[in-house]
Amino acid sequence: MTSDATTTAAAKAKPPVVQPGIGNNIVINPNQRLNPVLECIRNVGKEFGDIVPDFQVGRTTCILFLSLRYHRLHPEYIHSRIERLGQSYNLRILLIMCDVTEHQELIRELTKVCLINNITVIVAWSNDEAGQYIATFKQFEHKPPDLIKERVDKDYDSQLRTALTSINKVNKTDVETLRTSLGSFVDISRASSERLQTLPGFGQVKVKRIKDAFEKPFRNQSTSAAFSLGSQPPPALASAGSAVPPIDKGEEKEAPLAPISEREPSPVWDIELDLI
């Protein structure tokens, strides 16, 4: 009788933990029960479950939560959590709560750790922001990626606005000015610089941007030169029967083409220095 009572009391002392489900609820690790971020997770269901990460926001998405203040006191904590996580989940997120003043070096070191372990870093500056991140991941679990893409209507004015606003310095008001003053897209592309500068809100810089977009070639000179040189056959591949006229020493030789300078190698990122 005494053993049964002890077992019942121990069972009541432990918080109820259920196995993680596959529904619309965020599964929370019981160790996060006292985390104030839980009160800021809104508009989604929550349940506690026996999981390795702190939050499971999808079948293949999990979140590890880390306070920088706690990280300064226990720097080994996050390494043990990542080790326990292993290779589980496709999208693994480290949600960092920035609650210290000197945070640059801490975030820099944590970013290195996450790069090595294929973990995405998200920094929150308040409990509300952290809770909104967690809730948003769950709400968008089954949403297609094109949901966050810009929607462009198929009518002519919308497509004209989208095309012209892709030019730097050109806004929607400028597009309306161009449309009402010049007409169609073809007329805008053929307008001279002097004509464009007579329009309200069009200075020299904006007009130059527009003219460059319509008239400047897509390949610069160095790219074109590299392409032309690469397409020429080397001298060794020239046919043996082709007649090559001798060069008269008295004639002035043409200056050889200047070699194309190769791009300097990228500097070694200092992350590699710290991994040894």
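These legends describe close-up views of a predicted model. Local features need pLDDT of at least 70, side-chain atom pairs count only at pLDDT 80 or more, and totals for chains, interfaces and linings use all residues. Residues are numbered from 1 along each chain as its sequence is written, and side-chain values use heavy atoms, with hydrogens and water left out.

**View 1. The open sheet has six strands in the order S2-S1-S3-S4-S5-S6.** Its pairing is mixed. Two strands pair if DSSP finds at least two bridges between them. Strands (E, at least two residues) and helices (H or I, at least four) are DSSP runs, numbered from the N terminus. Strand S2 (45-48) and S6 are the edge strands, each pairing on one side only. From one strand to the next, the twist averages 25°. Axes are lines fitted to C-alpha atoms, for helices over the stretch in contact; angles run from 0 to 180 degrees between N-to-C directions.

**View 2. S4 and S5 pair in the parallel sense.** Seven bridges join them. Leu66 has Ile96 of S5 as its bridge partner. Helix H3 (residues 77-85) lies across both S4 and S5. It runs at about 170° to S4.

**View 3. Ser67 sits in strand S4 (residues 61-67).** Is Ser67 buried or exposed? Its relative accessibility is 16%, so Ser67 counts as buried. Buried means under 20% relative accessible area, exposed over 50%, and partly exposed in between (1.4 Å probe, protein chains only). Leaving aside residues up to four places away in sequence, Ser67 touches Met97 and Asp99. Contact means heavy atoms within 4.5 Å. The side chains of Ser67 and Asp99 make a polar contact at 2.4 Å. Such a contact is a pair of N or O atoms within 3.5 Å; within protein, one must be able to donate a hydrogen and the other to accept it, and residues adjacent in sequence count only if both atoms are side-chain atoms.

**View 4. Helix H5 packs against the strands through its buried residues.** These residues are Ala130, Gly131, Ile134, Ala135 and Lys138. Seen down the axis of H5, they fall within an arc of 130°, so they line one face of the helix. The arc is that of the directions from the helix axis to the C-beta atoms. Their packing partners are strand S1 (25-28), strand S3 (55-58), S4, strand S5 (91-97) and strand S6 (120-124).

**View 5. Arg84 belongs to helix H3.** Arg84 is exposed, with a relative accessible area of 57%. Pro53 is 31 residues from Arg84 in sequence. Their C-alpha atoms are 8.7 Å apart in space.
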